[in-house]
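Visitor: I have a model open on my screen and would like to learn how to read it. Could you walk me through some features?

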Amino acid sequence: MSRKEFPPIDEQMELLQRGAVDLVDPAQLRAKLERSRQTGEPLTVKTGFDPSSPDLHLGHTVLLRKMGHFQQLGHRVIFLIGGFTARIGDPTGKKATRPQLTSEEVQANALTYQRQVFHILDEAKTVVDDNDRWLGALGSHGMIRLAGRYTLARMMEREDFKVRFQENRPIHLHELLYPLAQAYDSVVLKADVELGGHDQIFNLLVGRDLMKEEGLEPQVVLTVPLLVGLDGHEKMSKSLGNAIAVEDPPREIYGKTMSIPDSLMWDWYLLLTDIPQSEIASRRSRVEAGDLHPKGVKQELARRLVTQFHGEEAAREAEAEFEAVFSAGGVPEDVPEKELAGSWTLTKLLTAAELAPSNGEARRLIQQGAVSIDGGRADDPFLELAPRPEPYLFKVGKRRFGRVRLTSD
RNA sequence: GGAGGUGUGGCCGAGUGGACAAUGGCAGCAGACUGUAAAUCUGCCGGGCUCCGCCCUACGGAGGUUCGAAUCCUCCCGCCUCCA
């Protein structure tokens, strides 16, 4: 194995700490980096992913990008699929217990995951592993022995457990095993560093403890913040509907980015782009002083995000379309088209064409002035539309478009 | 095993026999204002219809009492607390 050259420590430290929330602890990370520089051995960096929900969104990419930083610096990054831990389910305090996944589902999800992940990570440099490999083999005895390495008191230091215990809410025994299992991964992999979202801090620290317990050098723990979603308040998540999926089409990524609150833009710049922090700070102060219009700054962000997943060409197109549709009130490129037979009442037509979820909703939208036909507002729910050769163009609300061709049977 | 409590619309949370498709808040949708930003204001927010009205479905599930039940009774299910 050839000796690797690593960048200077300070340079590495700066990149790695960008946007990080916790770093336990900086001195130790520095020491590990120095050692790897001397020996030419890269650090082993572990990040676990729960394969239960395979749709990645920008929130996940914050972590992936941090992994990418380690890769850029020449370290060895392990993308660890929690095939075993997914079947325990990370205790969140929420009532919904996650459904137990079959190993087929886990495998299918893992593949979907990998397809999405390698938009961000360098596939050639990424080690993919699955903790089912060792945790599955542990067996009951092994698990009990593992449980013997930790105490209830230490487990109860976790905020979530503590609160639930105080409030007399249930804590199931298997939930205590989750942090242990995750910690055991670090032991097996002899991780130098473990990355995770800030919400994972407890689990990651258990990893440190367990490694010490097993006589290993403890891992350094680095966490990144949870990305705030489109609404500007809640963390980004698919179920809250405030997410941008990695596989969203260009115009969605672009448009959704444009809809975030201005105040959120700086965080996104920090966590989702590589623009130097000094540059971000300078833009921010110019916007706040009124020297720079926030729209343009946000458009650049949107462009950069589209570029990451679809390339520059797609980003330019998305921007052109955005300008045409929203700034100039035009019509998007590819409006879905439907064909229906005969004459229709406006209300029912909207429902039939899936431009409204129900007739009642369609009627409301019409009455509220949200519907236009061929560019002119339509406010009569009972308007009769007759068949004609060219399709009708409907616009519902700000961004829903549809063409409907009415045929005379 | 025993005693008690609780279960309401996407979420939180009122409602304890009729005026309840169910107060209020959040979320969502639409309009105005804009930069498809935020904030703000206004309206909507179970489904269907021939729509100032009517019909259907709905308050954990199944039965029952009643002219009438989210509200009372019985059984069942889930969740919580205390005692053992």
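Visitor: Let me start with a helix. Which residues of helix α11 (residues 265–272) are buried?

Guide: Please keep in mind that this is a predicted model. To judge burial here, count neighbours: a residue is buried if 20 or more other C-beta atoms lie within 10 Å of its own. In α11, the buried residues are M265, W268, Y269, L271 and L272.

Visitor: What covers the buried residues of α11?

Guide: The cover includes three other helices: α3 (58–72), α12 (277–289) and α13.

Visitor: Now a strand. How many residues of β6 (residues 220–224) are buried?

Guide: Five of its five residues are buried. The general idea is that in a regular strand the side chains alternate between the two faces of the sheet. In β6, V220, L222 and V224 lie on one side, while V221 and T223 lie on the other. Both faces are covered.

Visitor: Which strands pair with β6, and in what sense?

Guide: In general, strands of a sheet pair through backbone hydrogen bonds, either parallel or antiparallel. Here you can see both kinds. Strand β1 (residues 22–24) runs antiparallel to β6, joined by three bridges, and L23 has L222 as its bridge partner. Strand β5 (residues 193–197) runs parallel to β6, with five bridges, and V193 stands opposite V220. Between β5 and β6 the chain passes through helix α9 (residues 201–213), making a right-handed β-α-β crossover.

Visitor: Finally, the RNA. Which residues come nearest to RNA strand B?

Guide: Of the 32 residues around RNA strand B, the nearest are P170, G255, S358, A370 and G397. The elements that give two or more residues to this surface are α10 (250–258), α13 (294–310), α14 (312–327), α15 (346–352) and α16 (359–367).

Visitor: Which element gives the most to that surface?

Guide: That is α16, with six residues.

Visitor: And what classes of residue make up the surface near RNA strand B?

Guide: There are nine nonpolar, 12 polar and 11 charged residues.

Definitions and conventions
Residues numbered from 1 in each chain as written. Chains lettered and ligands numbered in written order. Predicted model: local features only at pLDDT ≥ 70, side-chain atom pairs only at ≥ 80, totals over all residues. Near = placed C-beta within 6 Å. Helix = DSSP H or I, 4+ residues; strand = E, 2+ residues; numbered from the N terminus. Nonpolar A, V, L, I, M, F, W, Y, C, P; charged D, E, K, R; others polar. Buried ≥ 20, exposed ≤ 12 C-beta atoms within 10 Å, placed from the backbone. Contact = placed C-beta atoms within 7 Å. Pairing = 2+ DSSP bridges. Right-handed = clockwise from strand over helix to strand, strands pointing away.
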